[in-house]
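User: Could you walk me through this one? I would like to go over confidence first and then look at some individual residues.

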Amino acid sequence: GHPVRMAAGSEFRDRIASCGVEPASSSIAARELMTSDDGRLWADLGTNPFLQARVMRRLVLRTARAMMDEAWDACRDADVILGTSSAEPFGPSFAQKLGVPFITTLLQPAFRATRSGAATWMAPLPGRSSVLNYAAGKLLVEGAFHWMSSDLVNDFRTGTLGLPPQS
């Protein structure tokens, strides 16, 4: 019996409403983003995680502030916040400000270091449990995710939420 509001790309608004869920306003369209020049370049660089991270950072810098503003507006009165990978950089800050839980609900492997090759994004040994998978996760996944978003998230934390920056 709780009201539910979902923030998602603008192309999903009608589908969300047809399920009886209140869609939150969003100006971001994932399909447009991923079919842009940088989106296509990112996909074409699938075997080069360092170049992929650089291109993804350009995409993040172009869209993240609007996404954070819209997501913050969508969850200001939330009792709990559920978020996918795109909300991981800022969702916990929203939850901290509101004093509510943030629950990660991923549709793909988590952006966390683990020995499991099956659960590691771009694992060097995908079929095995190995310290190499853990090291790659720390360097390539966690490090890149932080590098792509930390400045934007800290600006949002201090300027909008009135919270101290994260390290």
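User: How confident is the model, and where is confidence lowest and highest in the protein chain?

Analyst: This is a predicted model, and the mean pLDDT of the protein chain is 86, with 99% of its residues at 70 or more. Confidence is lowest in helix α2, residues 30-34, where the mean is 82, and highest in helix α5, residues 91-98, where it is 96.

User: Let's stay with α5, then. Which of its residues are buried?

Analyst: The buried residues of α5 are Gly91, Ser93, Phe94 and Ala95, and what covers them includes helices α4 and α6 together with strands β3 (81-83) and β4 (102-104). Just after α5, glycine 99 takes a positive phi of about 70°.

User: And what is phenylalanine 94 in contact with?

Analyst: Leaving aside neighbours within four places in sequence, phenylalanine 94 is in contact with Met68, Ala71, Trp72, Cys75, Ile81, Phe156 and Leu161. Phe94 also belongs to the largest nonpolar core, which has 24 residues, and is listed among those with the most contacts inside it, along with Met68, Trp72, Ile81, Phe90, Phe156 and Leu161.

User: Which helix gives the most to that core?

Analyst: Helices α4 (49-75), α5 and α6 each supply at least two residues of the core, and α6 gives the most, with eight residues. As general background, nonpolar side chains in soluble globular proteins tend to be buried together.

User: Now pockets. What lines the second largest pocket?

Analyst: That pocket holds about 290 Å³ of space and is lined by 14 residues, of which Glu88, Pro89, Phe145, His146 and Ser149 lie nearest its centre. Helix α6, residues 131-161, supplies the largest share of the lining, at seven residues.

User: How many of the lining residues are nonpolar, polar and charged?

Analyst: By class, the lining of the second largest pocket has five nonpolar, six polar and three charged residues.

User: Going back to Glu88, I wondered about arginine 112. Where does it lie, and what does it touch?

Analyst: Arginine 112 lies in the loop between β4 and α6 and, not counting residues up to four places away in sequence, touches Glu88, Val141 and Glu142. Arginine 112 counts as partly exposed because its relative accessibility is 46%, which falls between the 20% and 50% limits. For distance, the C-alpha atoms of arginine 112 and valine 60, 52 residues apart along the chain, are separated by 19 Å.

User: Last one, threonine 84. What is its place, and what does it touch?

Analyst: Threonine 84 has its place in the loop between β3 and α5, and it is partly exposed, with a relative accessible area of 32%. Not counting residues up to four places away in sequence, threonine 84 touches Thr105 and Leu106. The C-alpha atoms of threonine 84 and threonine 104 are separated by 5.8 Å, although these residues are 20 apart along the chain.

Key. Residues numbered from 1 in each chain as written. Predicted model: local features only at pLDDT ≥ 70, side-chain atom pairs only at ≥ 80, totals over all residues. Heavy atoms only, no water. pLDDT = per-residue confidence, 0-100. Helix = DSSP H or I, 4+ residues; strand = E, 2+ residues; numbered from the N terminus. 1 Å grid on protein atoms, 1.4 Å probe; cavity = no way out; pocket = protein on both sides within 12 Å on 5 of 7 lines; lining within 4 Å. Points joined across faces, edges and corners; volume = space filled by probe spheres on them. Nonpolar A, V, L, I, M, F, W, Y, C, P; charged D, E, K, R; others polar. Core = buried A, V, L, I, M, F, W, Y, C linked by side-chain atoms within 4.5 Å. Buried < 20%, exposed > 50% of the residue type's maximum accessible area, 1.4 Å probe, protein only. Contact = heavy atoms within 4.5 Å.
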